[in-house]
Structure formats: structure tokens, C-alpha cells
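Hi,

Here is the structure I said I'd pass on. Have a look at it first, and my notes follow below.

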Amino acid sequence: MSVAEAGDWIADAGQTWSAGTAASWAVETDSLLAGRMTLRFHLPDGFAEAAYWTRSTFSGRGVASRALHAATEWAFSIGMHRVELEHSTLNSASCRVALKAGFTAEGTRREGALHTDGWHDMHTHGKISAEATGSQATMPCA
């Protein structure tokens with residue numbers, strides 16, 4: 001991400017927070033930027049979509065799964081019924097993040113997203129407020 005893109009992302013985060021359509025957080029570890037967590041709200045339907053990234057120097061440390069868990073618990077505390085996410089079937093690390101944060105693997109959307117290298121099948125994961133115990137899901141992504 002360039003400096004200009006980062007500035008745009010920060011401005012967008014402020015605008016979507018003010019509009020009540022999303023919440024974004026910088027994820028910090030040891031006083032360093034480790035990643036980003038965003039929830040996009042679908043208020044009439046009572047759910048949020050989660051998106052996240054982690055800087056490569058922090059991958060494998062549980063940063064994303066802890067941030068996802070915290071953001072999901074917050075979403076449930078403000079009345080969301082469900083939080084969902086999807087990731088490319090080629091992104092096994094993101095699948096591990098979702099499962100570690102207690103999300104259930106729910107299925108695959110065939111050719112569900114266009115990436116720079118073509119269409120990707122997308123795994124979907126979800127967690128509902130009744131599951132807000134912090135337990136880990138065990139269904140593997142295949």
C-alpha cells in the first residue's frame with residue numbers, strides 16, 4: 001500500500017464510521033502496526049462482514065485471529081446477530097484465522113471473487129451471537 005492509498009484508507013475509515021456503515025481498527029502489537037480489522041455493517045439484516053490483513057512480519061502469531069475475535073465480540077455487544085467473512089480457497093492462512101476465532105466454515109462460493117490472477121472460489125465462514133463463547137470451530141477448510 002502506498003502512502004496515498006493508506007491516506008485514502010484512513011479517510012474512508014473515518015467516513016464509514018461517521019456514516020455508521022463500518023468500523024475499522026489498526027491492529028497493534030508491541031507498539032507497532034501489525035494489521036487492520038474492518039467490519040462492514042448491514043444494519044437492516046443484523047450482520048457484519050469482516051475483513052482483515054496482517055503485515056507479513058506478524059503472520060503466524062495469532063494477531064489476525066485475536067483481532068477478529070475481539071471485533072466479533074464487539075459487534076455482538078452492539079446488537080449484531082451474525083458476523084461473516086470469506087477468503088479465497090487458496091488462502092489457507094485466512095481459513096486458519098477464521099477457525100481459530102470460532103467461525104464455522106459454511107461452504108464455498110464457486111468463482112466468487114475476481115482477483116488479479118483470475119476468478120477464485122471463496123470459502124464462507126460465519127459466527128452467530130449465540131456462539132459468542134470464544135470457542136474454536138473445528139470444521140476444516142478443504
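Let's start with Glu86: at 33% relative accessibility, this residue counts as partly exposed, since that label covers everything between buried (under 20% relative accessible area) and exposed (over 50%), with a 1.4 Å probe and protein chains only. Glu86 sits in strand 4 (residues 82–88); strands are DSSP runs of E with at least two residues, helices are runs of H or I with at least four, and both are numbered from the N terminus. Its C-alpha is separated by 9.7 Å from that of Glu106, 20 residues apart along the chain.

Some housekeeping: this is a predicted model, so local features need pLDDT of at least 70 and side-chain atom pairs count only at pLDDT 80 or more, while totals for chains, interfaces and linings use all residues. Residues are numbered from 1 along each chain as its sequence is written, and side-chain values use heavy atoms, with hydrogens and water left out.

Now the aromatics. Rings of Phe, Tyr and Trp (the six-membered ring for Trp) pair if their centres lie within 6.5 Å; planes under 30 degrees apart are stacked, over 60 edge-to-face, and the rest tilted. That rule gives three aromatic pairs. One of them is Trp17 with Trp74, tilted, at 6.2 Å centre to centre and 35° between the planes. This pair links distant parts of the chain, with Trp17 in helix 1 (residues 3–19) and Trp74 in helix 2 (residues 63–77), 57 residues apart. Trp17 is exposed because its relative accessibility is 52%, whereas Trp74, at 27%, is partly exposed. Trp74 also forms a tilted pair with Phe41, at 6.1 Å and 40°. Here too distant parts of the chain are linked: Phe41 belongs to strand 2 (residues 32–42), 33 residues from Trp74. Phe41 has a relative accessible area of 13%, so it counts as buried. Ring pairs join Trp17, Trp25, Phe41 and Trp74 into a cluster.

What follows helix 1? Gly20 does, with a positive phi near 75°.

Points are joined across faces, edges and corners, and a volume is the space filled by probe spheres set on them.

There is one cavity of 30 Å³ or more, and the largest cavity has a volume of about 40 Å³. Among the residues lining the largest cavity are Val27, Arg36, Met37 and Trp53.

The largest pocket comes to about 660 Å³. It has 29 lining residues, and Tyr52, Asn91, Ala93, Ser94 and Val97 lie nearest its centre. Which element gives the most to that lining? Strand 3, with six residues. The lining of the largest pocket divides into ten nonpolar, ten polar and nine charged residues, where Ala, Val, Leu, Ile, Met, Phe, Trp, Tyr, Cys and Pro are nonpolar, Asp, Glu, Lys and Arg charged, and the others, Gly among them, polar.

Finally, His120 in strand 6 (residues 118–128) is buried, because its relative accessibility is 9%.

Cheers

Methods: On a 1 Å grid over the protein atoms alone, a cavity is a set of points where a 1.4 Å probe fits but cannot get out, and a pocket is an open set with protein on both sides within 12 Å along at least five of seven lines; lining residues have an atom within 4 Å of a point.
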